[in-house]
Amino acid sequence: MPSTPSTSTAGAAPSRSRSWPVLLLMLVLCYAVAGVGAAASGDAGGTYAALDKPAWAPPGWLFGPVWTVLYGTIAVAGWLVARRPGPGRRPALVAWGVQLALNALWTPLFFAAEQYGAAFLDITLLLAAVVTTALLAARVDRRAALLLVPYLLWVGYAAALNLTLWLNN
């Protein structure tokens, strides 16, 4: 497969025939994190509704649709990296796994444990991990890094919201 302007020129072309199971695995991992978060969140809707929120806080119903889309883009970004051989793939995939683990920790910390300070520490680390993942992914496949931009923006927004909720509650 010839290199395109949107992909790295380093490394060999990806193997298309073996990459679909990897995409499925990445999707399963991402949506499993979503499922674990939902199961561990207790009464997230009630908890969120009861918080003293800033005027710029989104309505509770918005989180589900946003995260549904974001988990899909996170999976596709990981898949784009995983399918492209080269020396930068492993560090990018390790960072991808770290950000996913930090993502999985946030919901139980914030909603189930109501540990807003610990959740803020986690989301701050998550933000750094997403930046690292995007930078490392860009070395392998720039499309993967671009797919992580909405996630990065949402996590930055969520971090600011988490801090405000921690301080207000």
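The largest cavity is lined by A77, G78, V81, A92, L93, W96, T133, A137, A144 and L148. A cavity is a set of points, on a 1 Å grid over the protein atoms alone, where a 1.4 Å probe fits but cannot get out; lining residues have an atom within 4 Å of a point. The model is predicted: local features need pLDDT of at least 70, side-chain atom pairs count only at pLDDT 80 or more, and totals for chains, interfaces and linings use all residues. Residues are numbered from 1 along each chain as its sequence is written, and side-chain values use heavy atoms, with hydrogens and water left out.

The largest cavity holds about 30 Å³ of space. Volume here is the space filled by probe spheres set on the grid points, which are joined across faces, edges and corners. A search of the whole structure returns 1 cavity of 30 Å³ or more. Helices α3, α4, α5 and α6 each give at least two residues to the lining of the largest cavity. That lining comprises 8 nonpolar residues, 2 polar and no charged. Nonpolar covers Ala, Val, Leu, Ile, Met, Phe, Trp, Tyr, Cys and Pro; charged covers Asp, Glu, Lys and Arg; the others, Gly among them, are polar.

The protein has 6 helices and 0 strands. Along the sequence the pattern reads α-α-α-α-α-α. Helices (H or I, at least four residues) and strands (E, at least two) are DSSP runs, numbered from the N terminus. Of the 169 residues, 41% count as buried. Buried means under 20% relative accessible area, exposed over 50%, and partly exposed in between (1.4 Å probe, protein chains only). Among contacts between residues at least 6 apart in sequence, 80% join residues at least 24 apart. A contact requires heavy atoms within 4.5 Å.

Mean pLDDT is 91, and 89% of the residues reach 70 or more. Residues 1–11 fall below 50; beyond near neighbours in sequence, this stretch has 21 contacts in the model. The pLDDT is the predictor's confidence in each residue, from 0 to 100. Where pLDDT is low, predicted coordinates should not be read in detail.

The largest pocket has a volume of about 640 Å³. A pocket is an open set of grid points with protein on both sides within 12 Å along at least five of seven lines. The lining of the largest pocket counts 28 residues, of which F63, W67, W106, T107 and F111 lie nearest the centre. Six helices each supply at least two lining residues: α1 (19–40), α2 (44–50), α3 (63–82), α4 (89–112), α5 (116–140) and α6 (142–168). By type, the lining of the largest pocket splits into 19 nonpolar, 9 polar and no charged residues.

Aromatic pairs number 13 across the whole structure. Rings of Phe, Tyr and Trp (its six-membered ring) pair if their centres lie within 6.5 Å; planes under 30 degrees apart count as stacked, over 60 as edge-to-face and the rest as tilted. F63 and W154 form an edge-to-face pair, 6.0 Å centre to centre with 70° between the planes. F63 sits in helix α3 and W154 in helix α6, so the pair ties together parts 91 residues apart in sequence. F63 is partly exposed at 22% relative accessible area, whereas W154 is buried at 13%. W154 also pairs with Y157, in a tilted arrangement of 5.5 Å and 50°. W154 and Y157 both lie in helix α6, 3 residues apart, about one turn of the helix. Y157 is partly exposed, with a relative accessible area of 27%. Ring pairs link Y48, W56, F63, W154 and Y157 into a cluster.

I123 lies in helix α5. The relative accessible area of I123 is 4%, so I123 counts as buried. Leaving out residues up to four places away in sequence, I123 touches W106, V155, A158, A159 and N162. I123 and L102 are 21 residues apart in sequence, with C-alpha atoms 7.4 Å apart in space. S19 belongs to helix α1. S19 is buried, at 2% relative accessibility. Not counting residues up to four places away in sequence, S19 touches W79 and R83.
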